[in-house]
Amino acid sequence: MLDLSLSPTRHRLCSGLSRRDFLRVGALAPLGLSLPQLLAAEKAAATKARAKSVILVFLGGGLSHHDTFDPKPDAVEEIRGKYKSIATKVPGLNVTELLPNMAKVMDKVALVRSGSHENDHHETATNWVLSGRFGSLFGDHPAIGAVVAHETGFSGAVPPYVAIPKNPSFTWELGRSAWLGGRSESFKCGNPNEKDFRVRDLSQPASMTAQVQDRRRTLLQAVDSLQAQVHANDQIATYDEFSQKAAQMILAPQAQAAFDIGKESEKLRDEYGRSEFGQSLLMARRLVESGVRFVTVNYGGWDMHGKIFESLGKKLPEFDQSFARFIRDMDERGTLKDTLVVCMGEFGREPKISKQTGGRGHWGRAASMLFAGAGVRGGNVIGATDKNGAYVTDRPVRPEDVAWTIYDALGIDANRELMTPEGRPSFILTEGTPVRELYA
Amino acid sequence: MSLTSRAYGLSSQTLTANESETRFYSHYYARRLPAEVLSDAIASATGVPTKFEGYPLGLRAIQLPDAQVGSYFLSLFGRSDRVTACACERKGEVTLPQLLHLQNGDEIQRQIAAADGRLSAVLKDADDRAATNALFALSIQRKATDAEFAAIRPQLAASTAQERAAAFADVFWALLNTKEFAFNH
């Protein structure tokens, strides 16, 4: 296997020559590649960033596409469901009647109706879509946010990767940083809708004067010396790094302010919706404005196997109010143009509504997803499903394609190889291409 | 028998020649204490037990029979939820919220400052060096070196008993935040 990357490690070609030998001899010509061309190809791979940050709204459980963004008014009733569809601001695009506020902002978002993969299992599919790589139900591959955190690191005192309120989970935590470890894991914000919300352990009491803070730092430095005896230990290195970061966060007004949702007006908080979801979106906006690179808003509860219309009747108005207000607020403030917003679940839902339970099962083969911001052209509709909303008929978009789109937007080359702690190389992504139609 | 073996007796101190290897046991691999052990270590060092809901005060974390007992500390430090048989459920990694908790957590502050805790007892000793050594012994099981005490002493300047208590509370805070305390080495 010929590796032409310009990484510092030496690579041997199958003929036994080293890369250095190869270049010296000038033997790239037989491959049809000259060195300038090779360097140009390398450069093109590192794409120009369209966004500074990403907000990923994860609809855990699986959003019913029939009853939201991909209505099938001509299908039989047991597939069509109870809702009628309504027109939106985008000519020719209809959505369910339970999303009137979203209908008014569909010109600001791009809709992908052809999300598709082969897995119907919550944990497996969740880990797949959150990392872009298929793996086990326990999550073998780092979540996209964790890779972003790994690539970008801290910017000032705010962590690069935050989950609101915490990472998705069913019975165990999903979308984790996997082998990238604690260093790249999301910072859990907590539920911003709580009364007197405060991020745990972040704020200091007034009695903690500057003098006391100084004394503590000095004392800690005087006694904390294990690293002098134990070298090259990753946990120790991480401890030192985070010890500094934690101290910085506790002391930095910027970090305190970023998480202080109380600074938003009561009126705006009402408009976003006084729910965990509404306030989480508002918090996400605050965080990207303070320099957080990747925010996951975890909004689960979509796994409606039974009495789906009863459940959607409660959940869709909440989603509708909050997400539409969020898009408008982001747009009005100008934050949307620097932020890629992605809204998706781990799969769609079954076309046929069960007669016994009145719900829809898992359906990996079709799902609807929303994208906005960072140059995404609002009003674009990408892909389509058949008349029953069962199979994709046009432009399937797979989990790896979504992941590529996110990395591409941030200017991260997903062809890069990372190294696991065991010394196993692992490509950020092994398949997929960015969904360029989003920007067309 | 294993306690007297060469492998078990290895030091965690590294040499340049062996520091980067992680699988041939050239040295003991220093690692963060597991959740229950660290919780108990803090309770033991401060002399203030942690109360677990549904269990009598004084029951240690390591004695908890089930993993569903609500405890932010234990979840934060990677306690296994015992949902599956996978050893991977227990997480020994170091995270940012853990450091925030050790540095700024209310419960730990309370344990340090408690009137019936070990710090209060140590403060009864008027000799600063002896008191410092006592705190070192409680937390990291050794005495302060001369160099360490030389760096600590200026911070202990106090004109009232209250100020002295505050200064020593910060010494204790620092010790409980060292890697030497949080790591098995």
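Predicted model: local features only at pLDDT ≥ 70, side-chain atom pairs only at ≥ 80, totals over all residues.
α13(A) contains 26 residues, and the span from its first C-alpha to its last is 36 Å, close to the 38 Å expected at 1.5 Å a residue. Along its course, α13(A) bends by about 25° at K315(A).

α13(A), which covers residues 308-333 of chain A, has helix α12 of chain A, residues 276-289, as a partner: the two axes come within 9 Å and cross at roughly 15°. Because angles under 35 degrees count as roughly parallel, α12(A) is described as roughly parallel to α13(A). The crossing of α12(A) past α13(A) is right-handed. On the side of α12(A), the contact is made by F277(A), G278(A), L281(A) and R285(A). On the side of α13(A), E318(A), S322(A), F323(A), F326(A), D329(A) and M330(A) take part. Sorted by class, the residues of this contact are five nonpolar, two polar and three charged.

The reader may now turn to the contact between the chains. Chain A contributes 39 residues to it and chain B contributes 38 residues. On the side of chain B that touches chain A, the elements giving two or more residues are β1 (31-32), α3 (96-104), α7 (146-152), α8 (161-176) and α9 (179-182) of chain B. α3(B) gives the most to this side, with seven residues. The residues on this side of chain B comprise 16 nonpolar, 13 polar and nine charged.

Terms used:
Residues numbered from 1 in each chain as written. Chains lettered and ligands numbered in written order. Contact = placed C-beta atoms within 7 Å. Helix = DSSP H or I, 4+ residues; strand = E, 2+ residues; numbered from the N terminus. Nonpolar A, V, L, I, M, F, W, Y, C, P; charged D, E, K, R; others polar. Axes fitted to C-alpha atoms, helices over the stretch in contact; angles between N-to-C directions. Parallel < 35°, antiparallel > 145°, perpendicular 65-115°, else oblique. Left-handed = near helix turned anticlockwise from the far one by under 90°. Expected span 1.5 Å × (residues − 1). Bend = angle between axes of the 7 residues up to and from the residue.
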